[in-house]
Each structure stands twice: as structure tokens, then as C-alpha cells.
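Please keep the sequence and the model in view while reading.

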Amino acid sequence: MERLGKLWRGRTMTFGVPLLLYLVGGSFGLREFAQIRYDVHKLHGKVDPALKEKLKQNTVTLESEYEKLEKSDLDNWENIRGPRLWEDSRTVQKQRREAVRLKTATQESD
């Protein structure tokens, strides 16, 4: 019984056995997670034929998007601050509209 107690309190039982359990258990766990990953890739690799035809009909090209950007006025813009986490978005929008209204009213009166 004494020898069993010494063996139980020894370095092998306190450090070696848990390390081996982590290594073996980790390899099995990693295998399961990798299998899930490969199963998801198999599912996403299959595309519905109707969706594939719809994607072929889409005629958006890089050149058409570039032409849209060329037509837009990128030099005259105004930076608008969005609401902070603790602010109500409706209140901030209302204050912003009021500030713009006052700004245009003062510019018209000058």
C-alpha cells in the first residue's frame, strides 16, 4: 500500500500521465474537428444548377462598376458621424438633420 502511495504521488503520475492524456485526447479531438471541416467543404462545393445559371446571367463586370464610380462625385462629400454605442440612433439622426437645416437656413440668409 505504501509503494502504491509513493507511485501515486510521484512525478510520473502528477506530470506524465496527464500529459499523455492531453496528447492522446487532443489528437482524437483534432481529428473530429478536421472531419467537420472537410464535411463542410464537401457541402459548399456543390452548387445548385439554377443558382449557377443565375450567376451566369449576372453581367456585372469590373469595368461597369468603374464607370459607375467615375460618374459619381467623389470630391464633394461630408463626413457624417454615426451614433456611439450609448447613444440612440434616432436622436443622433434628428440632431444631425436639425444642424443641416440650420446651416442651410443661415447660408440662405447671408
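## Salt bridges and their surroundings

At 55% relative accessibility, K68 counts as exposed, where exposed means over 50% relative accessible area, buried under 20% and partly exposed in between, with a 1.4 Å probe and protein chains only. The model is a predicted one, in which local features need pLDDT of at least 70 and side-chain atom pairs count only at pLDDT 80 or more, while totals for chains, interfaces and linings use all residues. Residues are numbered from 1 along each chain as its sequence is written, and side-chain values use heavy atoms, with hydrogens and water left out.

K68 is joined to E65 by a salt bridge in which the closest N and O atoms are 3.4 Å apart; a salt bridge is defined here as a side-chain nitrogen of Lys or Arg within 4 Å of a carboxyl oxygen of Asp or Glu. Both residues belong to helix α4 (residues 62-71), and because they are three residues apart there, about one helical turn separates E65 from K68. E65 is partly exposed, at a relative accessible area of 34%.

How many salt bridges does a search of the whole structure find? The search finds three. Another of them links R101 to E98, with 2.4 Å between the closest N and O atoms, and these two residues also lie three residues apart, about one turn of the helix, in helix α5 (residues 89-109). R101 is partly exposed at 46% relative accessibility, and E98 is likewise partly exposed, with a relative accessible area of 35%. The side chains of R31 and E32 also meet in a salt bridge, and E32 is partly exposed with a relative accessible area of 45%. In general, side chains of opposite charge can pair when their charged atoms come close.

| Salt bridge | N to O distance |
|---|---|
| R31 and E32 | 3.1 Å |
| E65 and K68 | 3.4 Å |
| R101 and E98 | 2.4 Å |

## The chain as a whole

The chain has five helices and zero strands, these elements being DSSP runs numbered from the N terminus (H or I and at least four residues for helices, E and at least two for strands). Its radius of gyration is 33 Å, well over the 13 Å that the globule rule gives for 110 residues, so the chain is more spread out than a compact globule; the radius is taken over C-alpha atoms, and the rule is 2.2 Å times the number of residues to the power 0.38. Along the principal axes, the C-alpha atoms fill a box of roughly 100 × 45 × 25 Å.

Two pairs of residues give a sense of these distances in the model. The C-alpha atoms of L102 and E2, which are 100 residues apart along the chain, are separated by 90 Å, and those of T91 and Y22, 69 residues apart in sequence, are 54 Å apart in space. L102 lies in helix α5 and is partly exposed at 46% relative accessibility, while T91, also in helix α5, is partly exposed with a relative accessible area of 38%.

## Surface and charge

Buried residues make up 1% of the 110 residues in the chain. The accessible surface comes to about 11500 Å², of which 60% belongs to carbon and sulfur atoms, areas being computed by the Shrake-Rupley method with a 1.4 Å probe.

Which residues form a nonpolar patch on the surface? L19, L20, L23, V24 and F28 do so, with about 510 Å² of accessible area together; patch members have over 30% relative accessible area and no salt bridge, and nonpolar side chains are joined within 5 Å, like charges within 9 Å. L23 lies in helix α2 (residues 11-45) and counts as exposed at 53% relative accessibility. V24, another patch member, is 13 residues from R37 in sequence and 20 Å from R37 in space, C-alpha to C-alpha. R37 has its place in helix α2 and is exposed, with a relative accessible area of 52%.

Over the chain there are 21 positive and 17 negative side chains, and the centres of the two sets lie 15 Å apart. Lys and Arg count as positive and Asp and Glu as negative, whereas His and the chain ends are not counted.

Notes: Charge placed at Lys NZ, Arg CZ, Asp CG, Glu CD.
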